[in-house]
Each structure stands twice: as structure tokens, then as C-alpha cells.
Amino acid sequence: MIHKEEEVSGACDLRCHSGAMDERRGFRAPNMATYGTMAPPYEPNYPDSDRAPLLPGLAQYPEASALMNPALAPAVMSEVASLTNPAVIIDGPTAPPSDWANIPGYEGMSGHHGGKLLPPPPMPDVGPTPASTNWLIPSISEDDARRALLEYSNGKCCYGSSPAEEMDFQELQAFNTYRYRLETFTELRECDWVTAPFTGQPVDSAAFGVPPLPWDIPINIPALFKDGETKMPVPHTSSLKTCPQCLGTCRTVCKKCHGTGRVQCWVCHGRGRQFEKACHHCRGQGTERCTICNSCKFVKCEGCSGYGQILNFIQLTVTWKNHIYEFVADHNSDFNTELFKKVTGEKIFMDEKLLLSPLVAFPVPSINQSSQFALQQHRTEFFSTGRVLRQRHTIQLLPLTKVEYVWRENRYNYFVYGKENKVYTENYPQKCGCCVVM
């Protein structure tokens, strides 16, 4: 016997509640390098006589009194539920209020995705870097070279230590080179219109003062030369409004069942029959109760998290970024330069200040040239979009020695490199067959 399911009343108890907000939503404005006047902020699905209806199939917006009246709201929403696509298919109420279109310093924020990049204040000119002539050049000894090869062989499961212990040094040829490193630490500021469900938090509107300019807002820098990000509301830019998705009713039509309270049976796929018999899951109806709305046809509004109101404000995003440039001078050997990335060097020079100028007195010309190129590259790429907080450049000596030795009347060689005295060799003389690469 097929039992008819009782119809679920449209007046399910989905009242507005209080508590923590579920999530914050918002559009971002297009990227812009300079301020500029733009059209009034875009306001999707807001009640306006010059715009399309909020819900498909409605010739006009329901009266606010009907929507806010508990006795009449179910009838209005029931009419919406009978439409082909009654749900308000937008991601959330994210448009700024129209009366905030020309906040000084925040022009051009239209409420679309993208965010507005704020140009930094102008940078001062800098003088030349004082020349330094005290370049300390350390070297490796035979004892260090032997100890490095012994540690290398002990770190390999099938390498013997006899070559390191018994070898006769023939030549220690230095190919020491240098690594130049430039760091430019910048701060970027972006502003977006965002919304959040109103749960009773303070509304910091323009009534409390004039919104400060983006670069006038004080922000504590967490740490120099380290990436980071922080977000905060711009003071005095908040406004409160009725949620445009649910019009203050705190709920919207269920997107899963489109306001019908029922969905297609997943067992028989809506046919009502399975293996020539009535589907045991839906009892031949082809549909089953919607588990998203529990057949109530409505769900908690996502835009306001069921509170009925939203808070609109400008959010400032501050991003700190450490931009790095590295250059390794030519060492005139067959050693693979990529291996230097795994080791450190002996720091022989360091200068740090707000803005740097190129090196001119280092004895290796390619280091001076790389310094000039790096500073110009960072100035071109980063000075127009962010504020430079600090620059630092260093020179590291990268120890590199080619060791020629004889063991059991045969000649071999290996490289000792980096401050850690790492070893690289392709012809270690004492290793078992399992370590030989065919």
C-alpha cells in the first residue's frame, strides 16, 4: 500500500536567530594603479525601480510590509516557490551603498571582483653606498679537505673510508666565487567592499568621523624581510541595511528542491519503478523528501546567515612581501652551480637601509654589475605598486675547492663547497657494486 506523504507546511520555523556569523562575503573591485572616479557602485538585486526584479517571474517587488509581516510572508514566499527557478542565485549581498560612491581616497571601488590596489607614497632619493675595501677571503686547508671527504664517505652506506684516510694530496685549486643577494621588503595595500551578517556588532559609520586615507591608517609591521598579511575594516566606512537576498525574512527558497520540498529519488532516478516493480525507496512516487530543507521548502539565508541584516564596510588588506634577487658569479670550473643553492656562504659584506644604491667597489666586476641590475629591476617592478620599507643586500663568499689526489697509484678528484664543506664527486674510488650507476 502506497502511503501519501503529508504536505509540509510552508511555515516551518526558520526564525531569525542570534549568534556568530557563518561567513563573510564580498566583491572585489578591479585592479587599479591610480585613483579614479567611476560609476556609482554596482548593487546586484537591490530593490530599485530602474533595475530588473529581484526574483524571476515577479513583475514587482513585494511590499516590505508583507515581507516583514509573519502572517503574510509565507504566502508571498509560497508564490515565489511556484516559479521555475525561485531561488535567488547569487553568491551574497556584496554591493556597497550608493551614498558611499565617492569616499575621498577610495574612489573607483565598484563592488566587482578584483580589489583596488592603492599606489604608495613617493619614495625619497638616495645617495651612493660608501665603498668597502676590507674583503675577507677565507681558504680551505688540507685537513679540512680530508675531513670533508671522510664525512662524505661515512654518510654513504656502501662507501669505504680508506681513500679519505690514505690519499696523497696533489693539488688544492681554489675556485671560490661569490653570491650577491638583494632583498626588497615592500608593503601593499588593497581595499575591497565586503559584507558580513549583522549580529549586533557596533556600526562604525561616517557619523563617527571622516574615513582616513588608506596610507594614513597605522599598521604594525610584524617582522622585516618576512612575508605576511593582515586585514582590517577601514574606520568610519560601515553601513547597515536589510539583506537583499531574503529581504529581511532570514530565509530563501531551497536551491536543492527549488521550493517544492521534494527531490528526484536517487534509487529509481525519478521513474518510480525498479525491476518492473514499484521503487521500494520512494514507494513508486519518483521523488523523496529534500534533506537540505527537510521538506520545508526554505533554508536559512546564506547572505545574512539568517539574521535578516548585513553590515557593509571597506576592508583594508595589507600584504608584506620580501622580494629576492640572487646572482652567483662565474667560478670557471666544471662544478654545477645549482648545488650552491643547498649551502650557505661566508658573509663578507652586508648593507641595510631604506633605499640602497649599487655597489661600485667590489673586486669582482660581475658582482657590481649584478647589484646595479638588481636594484634597477626591483625599482621598476615594485616601487610603483607598493611602499618600500627596507632594502638589504649581501655578498657571500662561496668556498669552492677542487681537490686532486692519488690513492693506490690512481688519480681522483672531488669538490669541497659551501660553508658546510659539502663534497661533490663523480668518481669516488671505493664503493661496492650496488652503488655503481650503470
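**Close-up views of a predicted model**

View A. The side chain of Asp 144 meets that of Arg 147 in a salt bridge, with 2.9 Å from N to O. Arg 147 is partly exposed too, at 45% relative accessibility. Both residues belong to helix H3, where they sit three residues apart, or about one turn of the helix. An α-helix has 3.6 residues a turn, so residues three or four places apart point the same way.

View B. Helix H3 covers residues 142-154, 13 residues in total. From its first C-alpha to its last it reaches 18 Å, close to the 18 Å expected at 1.5 Å a residue. Which residues of H3 are buried? They are Ala 145, Ala 148, Leu 149, Tyr 152 and Ser 153. Looking down the axis of H3, you will find these buried residues within an arc of 130°, so they line one face of the helix. On the other side of H3, the exposed residues are Asp 143, Glu 151 and Asn 154.

**View C. What covers the buried face of H3.** The cover over the buried residues of H3 includes helix H4 (162-166) and strand S2 (168-174).

View D. Arg 181 pairs with Glu 326 in a salt bridge whose closest N and O atoms are 2.4 Å apart. The pair ties together distant parts of the chain: Arg 181 is in strand S3 (residues 177-197) and Glu 326 in strand S12 (residues 309-328), 145 residues apart. Are these side chains buried, partly exposed or exposed? Arg 181 has 25% relative accessibility, so it counts as partly exposed. Glu 326, at 41%, is also partly exposed.

View E. Glu 352 is partly exposed, with a relative accessible area of 28%, and Arg 392 is partly exposed at 23%. Step back from the pair and you can trace a network of salt bridges that links Arg 181, Glu 183, Glu 326, Glu 352, Arg 390 and Arg 392. The whole structure holds 11 salt bridges.

**View F. Pro 197 and Cys 304.** Pro 197 is part of strand S3. Its relative accessibility is 0%, so Pro 197 counts as buried. The C-alpha atom of Pro 197 is 4.5 Å from that of Cys 304, although the two residues are 107 apart along the chain.

**View G. The chain as a whole.** Of its 438 residues, 45% are buried. Among contacts with a separation of 6 or more, 83% join residues 24 or more positions apart. The accessible surface comes to about 23600 Å², and carbon and sulfur atoms provide 51% of it.

Technical notes. Residues numbered from 1 in each chain as written. Predicted model: local features only at pLDDT ≥ 70, side-chain atom pairs only at ≥ 80, totals over all residues. Heavy atoms only, no water. Buried < 20%, exposed > 50% of the residue type's maximum accessible area, 1.4 Å probe, protein only. Contact = heavy atoms within 4.5 Å. Areas by Shrake-Rupley, 256 points an atom, 1.4 Å probe, with all protein chains shown as cover. Helix = DSSP H or I, 4+ residues; strand = E, 2+ residues; numbered from the N terminus. Expected span 1.5 Å × (residues − 1). Arc of directions from axis to C-beta. Salt bridge = Lys/Arg side-chain N within 4 Å of Asp/Glu carboxyl O.
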